[in-house]
Structure formats: structure tokens, C-alpha cells
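Here is a quick tour for anyone opening this structure for the first time. Have a look at it, then read on with the model in view.

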Amino acid sequence: MVSAYAELEGRMRDRLGGRECLYVPSCRLGLYLALRHWCEPGGRVLMSPVNDDVIFFVVLAAGLRPVQAPLDPRDGSIDPAALPESAWRGLSAVVTTNLYGNPDPAPELRARCDRLGIPLIEDAAHAIGSTVGGRPVGTYGEASVFSLSKHTAAKTGGFLALADPARREELAAARDALLHPPRRAGELAYLARPYAEAVVRGLRLVRAARSTLRLLGAEERTEIRMPLRADALARALPAAPALEPFHSWVRVDMHDYRLGPGPGRLRRTTRRLARLDDVLAAHRAGTERLLASEYGTPGEGGVQPLFRVPLLVDDRDAAIAALARRRITTGYLYDPPLDSYAGEAFTDLSPAPEPASRFARHALPVDPRRADEVLAVLRTAGIRPAHLSPTPGGAR
């Protein structure tokens, strides 16, 4: 019998040069599956401290100890050279972030993992169109996870891509065991959501809608980071590896992260994925304009189709306020870094935390499709750029 996911998986397989792809309802569930499959509970996993807190809780739910990596403050990528050799030797795996679509140094990390005999797992949620070393992001690791909620704006779905196709059957069975069955009410709500959001935007009711959600308890973030709830988290840790004890953290921003898709959801997602190349072209063009501005930090090689472009600004709060006055919303902020957020009770601290702190404090993630509007607002408001060097001595 042909899988209901076959067309989606085939499209993604072609994008990755034939790498086996397994559909998952969310990137976070795909990452959990990968960590459970490749890592023994109790292991230590290197990850970026400038990352979604949901991913931090996924690592904990998999029964693993997060280890926060040093970063390059110019783009938030992992800096392998800044991690002491003693820390490398204690790792069970490395998880990349490819923040906003900026690639982590996958060739170097692949070589490190090969020498240590540990898996490399690529989180490519922001990087579905990015490349590194002449290859697509997501083709270096034993496994990689992709999101269809980002560039495609499908608001559901993702992929777990596998270097070894022989592992597919086992991972598909593990996925199916974790899925909740499709719900008719959830399917109808998903199909109606774009129209409801369009009405809210058209009537300029975004603030009122968010206030209502907070009153109803459906808006789970009042700050950039979700509440850690340290006492509850400490009680959950002995139950790992398991999703249920960590569900209240892992579900944030996506309550249907393990919901099996119905046919309507799959059809819409397939249409969105079919138009991805046009979306990537628009993201690449806007990224090029933003990186060439006084707020950008052009990298080496070609321009990536970044999901968000992290402009570096002196006063991010003032920049966010100026953009908000023009109804331009700033999202995907990851401040403070995870080691500052969680503390050493729940993670190994970065051996060089200052570059990550500087990047997290100054990064203003901008939708590249609104590049010209954003630059006009920032310049009119007198927002000054921040210039961050790779070393603490170059900090502002």
C-alpha cells in the first residue's frame, strides 16, 4: 500500500539528492525520534545556546544532558574551535541549529563526530534551502530534521531525513507509536486558520486577539522564553526518556506536534511544498539586500535563502518598537541563551558564553521578504548597527 505521505517524502528526497525522508507532523517530534534512536539515555549532547527553548526540552525528554556550545557572535553558528578537547571527548552526539538558515560548519562537525565515533544530527528547521560545503544542509548527519512550518508556511509537518535507508522501517514504527490519531475538529480548525488570521490582520485586531488568548490561557509565552518552571522540570527529569512528562514544555507554540495529519492537511502541505522554490528565491533576494546594509554581516560564499535575517542592531528593543509602529512583527528571538535561561542544574554551561550573549542581545531577526520596508523603518528611526567581532575584545 502506498503511504499517504509518499508524495511529500518523494519531493523532499529529490531536494536532498536521494536521501531517505520520513514525514513527521513536526520538526520537534522528528528530533525526538532521532535522539532516541541514536543516543543512549544519560548521554551528553552538544547544541547551540541560541536556540528555541522547545528544542532544549526535547533533548531533556530524550533522556540526554544538553551541553551548550560556544558561538560565533556574527551569525550565531557553532564555533567548534572554542570548545575544549576535554568537552569533545565526553559527548554522545552533536545537534546543529543552522540558526535562521545560517549553516553551522557541518563539514568540520562531521569530521569531529567521525573521529569520536558519535552521530551528527542536523536541525534544519530554518535551513530547508541552505547549503554548506557545496551540499544541502541536512546531508551531513546520520539524521536531519526539517520543518514545513517555516519557509513553506504550512504551519504543520516536517521530515526526518536518514543517511541509512535501512533505518527507515524502525523509525517509521517509532513515529507511528507516538502519533495521536487525526481529529476532525482539529482538521477543520487547521483548514480554517489561514482565513481567520487574514480577517484578524485585515481588521487590525492582532493585539486584541493576543490579549484574549492570554486571558484564556492559550498564549503560553509572555516573554521571549517560556517559563522554565524549575521545580516541575526537576520532577520530570527522572521519568526521561519519555515525552509525556515533558509535554507541557514540548507542545508550546504547537499543540498538535504529534497529531497525525488528515487528508486536507496533507493536501495543503503538498501544495505549499510544491511552491518552495519560488519562496526560496524571494528569501534569497531579500537576504542579499539586508546583508548588504549597514546592519548586515555578509558571510563567505553565496547568499543563503535565510528564513530570517539576523540584523545586528545596537538597541534591539527600540528597533522592535519602531517596526511594531509600522505593523511589522519581530519573532523568533532566542534571548537569553539557554545556559543563562536554564542554569547548570539542567545543562552544561558554555565554556565561552559571552559571544552567544552578545549575539542574542543584538540580533534582530527580519523576514527577508520585507527587506526594503524594514531598512526604511530602521534608518528613519535612527537605529544604529552593532558591530560584533569573533572575539570579546571586539565587542561594542
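R135 sits over the face of Y140, 3.9 Å from the centre of the ring. Keep in mind that this is a predicted model, so everything here describes a computed picture.

Leaving aside neighbours within four places in sequence, P107 is in contact with V132 and Y140. P107 belongs to helix α5, which covers residues 106-116. Is P107 buried, partly exposed or exposed? P107 has a relative accessible area of 36%, so it counts as partly exposed. Along the sequence P107 and G141 are 34 residues apart, while their C-alpha atoms are 9.7 Å apart in space.

**The rings**

In total, the structure holds 8 aromatic pairs. Two rings in a pair are described by how far apart their centres are and by the angle of their planes. Here are two of the pairs:

| Pair | Centre to centre | Angle between planes | Type |
|---|---|---|---|
| F57 and Y341 | 6.4 Å | 85° | edge-to-face |
| F307 and Y332 | 5.0 Å | 80° | edge-to-face |

What do these pairs tie together? F57 is in helix α3 (residues 53-61) and Y341 is in helix α14 (residues 338-342), so their pairing links parts that are 284 residues apart in sequence. F57 is buried, at 0% relative accessibility, and Y341 is buried as well, with a relative accessible area of 12%. Both of them belong to one aromatic cluster, made up of F56, F57, F246, W249 and Y341.

The other pair sits in loops. F307 lies in the loop between α12 (276-291) and β10 (309-312), and Y332 in the loop between α13 (316-325) and α14, so this pair ties together parts that are 25 residues apart in sequence. F307 is buried at 3% relative accessibility, whereas Y332 is partly exposed, with a relative accessible area of 32%.

**A pair of strands**

The partner of β10 is strand β11 (residues 363-366): the two pair in the antiparallel sense over 4 bridges. Within this pairing, L311 stands opposite L364 in β11.

Strands of a sheet pair through backbone hydrogen bonds, and they may do so in a parallel or an antiparallel way. An open sheet of 7 strands shows mixed pairing, with the order β1-β9-β8-β5-β4-β2-β3. Which strands stand at the edges? They are β1 (20-24) and β3 (65-68); each has a single partner strand, so one side of each has no neighbour in the sheet. On average, neighbouring strands of this sheet are turned by 25° against each other, direction ignored.

Inside the sheet, β5 (residues 120-123) and β8 (residues 143-147) pair in the parallel sense over 3 bridges, and I121 stands opposite A143 in β8. Two helices pack on the sheet. One is α1 (residues 6-15), which touches β1, β8 and β9 (158-162), its direction making about 135° with that of β1. Another is α6 (residues 168-178), which touches β1 and β9 and makes about 5° with the direction of β1.

How many residues of β1 are buried? The count is 5 of the 5, so β1 is largely enclosed by the rest of the structure. Strands β1 and β9 run antiparallel and are joined by 5 bridges, with Y23 opposite F159 in β9.

**Stepping back**

Now for the chain as a whole. It has 16 helices and 11 strands, and buried residues make up 54% of its 396 residues. Of the contacts between residues at least 6 apart in sequence, 72% join residues at least 24 apart. The chain exposes about 17,300 Å², and carbon and sulfur atoms supply 52% of that.

Technical notes
Residues are numbered from 1 along each chain as its sequence is written. This is a predicted model: local features need pLDDT of at least 70, side-chain atom pairs count only at pLDDT 80 or more; totals for chains, interfaces and linings use all residues. Side-chain values use heavy atoms; hydrogens and water are left out. Buried means under 20% relative accessible area, exposed over 50%, partly exposed in between (1.4 Å probe, protein chains only). Contact means heavy atoms within 4.5 Å. Accessible areas come from the Shrake-Rupley method with a 1.4 Å probe; for residues, only the protein chains shown count as cover. Two strands pair if DSSP finds at least two bridges between them. Axes are lines fitted to C-alpha atoms, for helices over the stretch in contact, and angles run from 0 to 180 degrees between N-to-C directions. Rings of Phe, Tyr and Trp (its six-membered ring) pair if their centres lie within 6.5 Å; planes under 30 degrees apart count as stacked, over 60 as edge-to-face and the rest as tilted. A charge sits over a ring if NZ of Lys or CZ of Arg is within 6 Å of the ring centre and within 35 degrees of the ring normal.
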